[in-house]
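Hello,

Here is the structure I promised to pass on. Please have a look first, then read my notes below.

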Amino acid sequence: MGLDFLRNRPHLIEQVYALAEKTAWSLNPLAKKIGYARVERLIKVPEDIAKEVFFDCQRCGQCVLHSTGMTCPMTCPKNLRNGPCGGVRANGHCEVKPEMRCVWNVAYERSLQMPVYGHELIDIQPPVNRRLEDTSAWVNMLTGVDKEVPPGWIPISEVK
Ligand code: SF4
């Protein structure tokens, strides 16, 4: 079974993700007891390998894959996390890398096949926190550090 076969079945990947997320939250009390730093040492390498193989993960440490059609937004040359720029070519390819389809075109198509998380594509993501680079996104989800936003940041939906 080729990797593209799996990548193009986002409904299957989201089911695996949903199970992993549920498991992570149920194990959170134990992780807290063990210590998040120790847990990170245990899971960081397998997390990196799995995400790099399947999603070309760039290790931002603030994973939004399930909200972006199981397509890593950090593979966009501009690292855009809230939709495409204005430079998408008429054929749907990237203006920076013409040989590559726009990450957001792919994310949109895949999100339509995701009954659980697909609707999150329109959620506004906070600016990426570069201080989380190369840390475990799973641990950051459990500690909540991935939800912290820079002081003064207001989602566009709340701007009057
Ligand atoms: S969103 Fe971040 S953690 Fe998730 S796959 Fe992309 S670079 Fe990796």
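**Contacts and overall form**

Of the contacts in the protein with a separation of 6 or more, 62% are between residues 24 or more positions apart. Please keep in mind that this is a predicted model.

The protein has 6 helices and 0 strands. From the N terminus on, the order of elements is α-α-α-α-α-α. The C-alpha trace spans about 55 × 50 × 25 Å along its principal axes. How does the radius of gyration compare with that of a compact globule? For 160 residues such a globule would have a value near 15 Å, and the protein has 16 Å, so the two agree. Buried residues make up 24% of the 160 residues.

**Helix H2**

Helix H2 covers residues 10-26. Its 17 residues should span 24 Å at 1.5 Å a residue. The end C-alpha atoms are 24 Å apart, which agrees.

Which residues of H2 are buried? They are Pro10, Ile13 and Glu14. Seen down the axis of H2, the buried residues fall within an arc of 95°, so they line one face of the helix. An α-helix has 3.6 residues a turn, so residues three or four places apart point the same way.

The other side of H2 holds exposed residues: Val16, Leu19, Lys22, Thr23 and Ser26. The cover over the buried residues of H2 includes helix H1 (3-7) and H5.

**Helix H5**

Helix H5 runs over 103-111. Its buried residues are Val103, Trp104, Val106, Ala107, Arg110 and Ser111. They cover an arc of only 155° around the axis, so they sit on the same side of H5. The buried residues of H5 pack against H2.

**The ligand**

There are 13 residues around the ligand. Which of them come nearest? Cys57, Cys60, Cys63, Cys72 and Met74 do. By class, the shell has 9 nonpolar, 2 polar and 2 charged residues.

**The loop between H4 and H5**

Helix H4 covers 36-55. Look at their backbone angles. Most residues other than glycine have a negative phi. Arg59 has a phi near 60°, a positive value in a residue other than glycine. Asn79 has a phi near 55°, again positive in a residue other than glycine.

Why does Arg59 count as partly exposed? Arg59 has 18 C-beta neighbours inside 10 Å, and a residue is buried only at 20 or more and exposed at 12 or fewer. Asn79 has 13 such neighbours inside 10 Å, so Asn79 is partly exposed as well.

Lys78 is in the loop between H4 and H5. With 13 C-beta neighbours inside 10 Å, Lys78 counts as partly exposed. Not counting residues up to four places away in sequence, Lys78 touches Cys85 and Val96. Lys78 and Val96 are 18 residues apart in sequence. Their C-alpha atoms are 8.5 Å apart in space.

Ser136 lies in the loop between H5 and helix H6 (137-143). Is Ser136 buried or exposed? Ser136 has 24 C-beta neighbours inside 10 Å, so Ser136 counts as buried. Leaving aside neighbours within four places in sequence, Ser136 is in contact with Glu40, Ile43, Lys44, Glu47 and Gly61. Tyr117 is 19 residues from Ser136 along the chain, and the C-alpha atoms of the two are separated by 21 Å.

Val149 lies in the segment after H6. With 12 C-beta neighbours inside 10 Å, Val149 counts as exposed. Val149 and His66 are 83 residues apart in sequence, and 19 Å apart in space, C-alpha to C-alpha.

Best wishes

Notes
Residues are numbered from 1 along each chain as its sequence is written. This is a predicted model: local features need pLDDT of at least 70, side-chain atom pairs count only at pLDDT 80 or more; totals for chains, interfaces and linings use all residues. A residue is near a molecule or strand if its C-beta atom, placed from the backbone, lies within 6 Å of it. Ala, Val, Leu, Ile, Met, Phe, Trp, Tyr, Cys and Pro count as nonpolar, Asp, Glu, Lys and Arg as charged, and the others, Gly among them, as polar. Helices (H or I, at least four residues) and strands (E, at least two) are DSSP runs, numbered from the N terminus. The expected span of a helix is 1.5 Å times one less than its number of residues. The arc is that of the directions from the helix axis to the C-beta atoms. Two residues are in contact if their C-beta atoms, placed from the backbone, lie within 7 Å. The radius of gyration is taken over C-alpha atoms; the globule rule is 2.2 Å times the number of residues to the power 0.38.
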